Amino acid sequence: MFRFDANASSRLRPQVREAVSEYLSVHGDCGANASSIHGHGRRARAALREARASLLEAAGLAGFRPVKAVFCSGGTEACNQMIFGFLPRSAAPGANIVTTAIEHQAVQEAAAAAAELGFELRRVLPQSNGLVAPEDVLAMCDSATEVVCVMAANNVTGALLDVAETARLLRGASLSAAIVCDATQAFGKTELDCAELMKAGVDAVALSAHKVGALPGVGALLLSTSESSCRVFRPMLVGGPQEERFRAGTENLPGIVSFGAAAKAIKAQGAEERSNVSAARDKLWQILNERIDDIERITPDVPHSLGNTLAFRAGGVRGDDLVAALDLSGVAASTGSACSSGRQEASHVFRALGLSEEAAREAVRLSLDWDVNLDQAVAGAEKIIQCVKRMREVSLPLADQLQPTA
Amino acid sequence: MALPAAQTQKSAVVAMSGGVDSCASALMLIDQGYDVVGISMQVWDYRNNNGNAAKATCCAPADFDDARKVAEYYGFPYYVFDFEDSFEEAVIKPFVDSYVRGLTPNPCLECNRKVKFRELRRRAASLGFDVVATGHYAQIKQLDDLSLGLFTGKDQSKDQSYFLYAMTQADLAATLFPVGSMLKPQVRNYLEQHGLSVAAKAESQDICFVSGAVGDFVERVSGKQSGGEIKSSSGEVVGTHDGVHRFTVGQRKGLGVSARNPLYVLNIDADTGTVTVGEHEELQRSFFEVSDVNWVSGVAPSAPIEALVKLRYRHSGVQCRIEALSDDTGEMSRARVSFLEDWTAVSPGQAAVFYNSEADPEGDVQVYGGGIIDKESM
């Protein structure tokens with residue numbers, strides 16, 4: 001099986017398996033609540049502290065003082081938290097939220113929910129190259145803008161957005177909106193420097209554990225607590241005093257330990273991984289581009305994209321059919337979006353890029369895991385070529401294929 | 001009797017609605033050694049059409065869950081495919097348009113003809129599968145001249161051949177009806193033996209994309225329709241109505257007009273918005289014409305034939321004489337159907353399906369073909 005769907009969920013790292021096993025063998029036979037004062041609780045708290053430190057370090061925040069790493073249930077919660085956490089309780093006249101049109105549903109739907117509360121929702125369209133210009137974000141903002149969301153890396157196309165520059169522009173224009181960033185896909189797949197983001201004026205960054213080889217069900221919200229941050233964060237979840245009251249609820253220790261272990265691995269070997277992964281991605285594209293006619297790359301060129309992501313379309317081949325055909329051939333891929341019935345549908349991202357309905361329906365996303373190698377890219381490319389060729393043979397007009405047999 | 005050519009191929013896509021018959025079809029093919037891939041066709045997005053997904057009879061997420069459960073349990077791949085565009089174009093639009101023009105269309109015919117046995121087959125082929133299986137109660141048999149014949153399902157009470165008359169030889173060669181040779185109780189038993197709870201599910205018989213009254217659905221898609229007058233056959237105004245799309249020729253109930261004898265819809269004139277009603281005998285006619293005719297053999301009979309003609313699903317049929325006619329382009333795509341002894345109400349827009357007057361030695365009845373009842377010829 002060729003797993004080319006890491007942006008959906010990435011392969012568990014061996015260090016994560018080890019760390020979680022070890023944690024369970026020490027704590028698994030009894031409840032371990034990091035808030036408890038007894039020995040089990042203290043050991044849980046130590047594990048929590050260690051994971052938090054590993055995460056901050058991998059996110060480029062080691063030694064960066066005014067920051068909180070708040071663990072939560074995943075990227076979606078972190079995105080919801082960072083939007084609702086910075087919104088006032090009620091919308092003043094003109095109050096608005098600015099997001100890019102290519103954000104993940106976790107941001108899009110949270111912003112849409114805020115719009116129902118009376119906040120005007122403004123969407124910044126990407127340029128034709130798939131990137132969002134910082135100036136375009138600035139142009140959408142005004143003094144009544146409450147929250148600005150700009151993702152660091154797009155989950156579907158892999159486009160890398162210049163969040164730091166966007167934040168500098170906004171702050172340079174003396175805008176006091178909260179600037180928040182969904183970095184769930186960028187973390188681990190780029191050299192994510194959250195210290196730079198926060199120095200530039202970003203107030204919060206959302207991360208997810210299962211996108212970097214840890215367990216699902218864990219995420220983190222990195223909150224800038226610098227004095228220049230003029231926004232008040234109000235937690236969505238209230239209750240016990242966990243996470244310094246930024247996020248109530250007993251911490252998911254096994255999940256958090258997995259996240260910490262993945263962060264440690266990223267810090268240790270991330271640079272090497274990234275260079276292997278992008279070499280594999282480039283090889284994959286080189287082969288597909290050479291051997292498939294009428295193929296269009298949607299993922300922006302290096303250095304403006306995640307090294308692991310390759311979104312493309314092959315003319316005349318439906319993306320959802322290709323994903324099914326690839327699955328039957330042993331290649332895991334995606335169209336970038338699925339509805340509740342399980343149907344693969346064209347992602348809103350492709351439409352936001354200006355692709356026609358038909359072209360959007362042809363788009364497919366391949367996203368490589370942290371441990372992919374060149375051989376897999378070469379062999380996977382062959383499978384993809386076979387599928388596309390077969391599908392093009394049968395996509396002739398029906399009348400041409402259905403000659404009566406008797 | 002030899003097996004149809006299609007059955008020598010050992011892989012098939014099964015169109016799975018999540019219902020009893022399609023689930024059983026998938027399992028039967030697995031038992032017979034087929035490589036199976038299940039596909040559910042999402043044809044209509046209820047969320048976008050003010051419909052109530054909970055009330056819909058198919059394509060609702062719960063049905064897909066049932067299909068998915070069966071696929072997971074038996075370990076075959078299963079996908080939900082988006083057919084919304086082709087379904088809207090091939091089925092919903094003509095359906096609504098026909099009603100607005102005062103006809104009574106049958107959307108299942110168009111769905112089978114244009115979506116299930118064409119678009120699904122094309123998409124199955126793109127996955128590398130040449131054969132599509134469905135849970136229809138109908139049978140495909142090889143005839144003496146080696147062509148393929150379409151026959152009624154073994155279970156006469158479930159027979160669905162009426163909806164399949166538009167199949168061509170190419171369609172038949174690439175299609176399997178695994179439950180067609182079984183009785184419904186046998187199908188339920190079969191599933192129960194396999195430990196599947198779908199056997200207890202209710203039958204789905206309504207139009208799959210309509211969750212309430214058809215008339216309401218038509219208005220939801222095409223907008224509010226203007227009403228008109230109800231007249232007697234002598235031209236006297238006897239009432240008013242909310243739109244011609246709420247009537248079918250031959251309809252008796254729900255006319256909102258009282259009379260000494262039961263009244264029936266005789267004619268629907270969409271241009272003037274007039275619905276004409278009258279007594280039962282006034283529905284009688286000696287012949288009618290059908291268009292869009294398909295002869296399953298691929299060849300129209302050169303001389304008139306006698307056949308049993310069913311004018312709606314579950315109609316027991318009447319003996320008729322059928323004469324193949326050519327259309328403006330010279331294609332033999334029309335036919336004149338003349339009643340021989342008995343007659344029945346003829347509803348324009350419905351299908352007239354031609355059957356052999358006699359069953360074959362196995363008790364199955366062959367479908368010769370059929371067409372859509374023409375309004376202009378009446």
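**Exercise 1.** Work out which handedness the β-α-β unit of E1(B), helix H1 and E2(B) has.

*Solution.* Start with the parts: strand E1 (residues 11-15) of chain B, helix H1 (residues 20-31) of chain B and E2(B). Helices (H or I, at least four residues) and strands (E, at least two) are DSSP runs, numbered from the N terminus. Next, apply the rule: a crossover is right-handed if, with the strands pointing away from the viewer, the path from the first strand over the helix to the second runs clockwise. The unit here is right-handed.

A word on the model: it is predicted, with local features needing pLDDT of at least 70, side-chain atom pairs counting only at pLDDT 80 or more, and totals for chains, interfaces and linings using all residues. Residues are numbered from 1 along each chain as written, chains are lettered from A and ligands numbered from 1 in written order, and side-chain values use heavy atoms, without hydrogens and water.

**Exercise 2.** Find how many bridges join E2(B) to strand E3 (residues 78-82) of chain B.

*Solution.* Strands pair if DSSP finds at least two bridges between them. E2(B) and E3(B) run parallel and share five bridges; here B:Gln42 stands opposite B:Asp82. E2(B) also pairs with E1(B), in the parallel sense over five bridges, and B:Ser11 stands opposite B:Asp35.

**Exercise 3.** Decide whether A:Ala333 is buried or exposed.

*Solution.* First, the cut-offs: buried means under 20% relative accessible area, exposed over 50%, partly exposed in between (1.4 Å probe, protein chains only). A:Ala333 has 11% relative accessibility, so this residue counts as buried.
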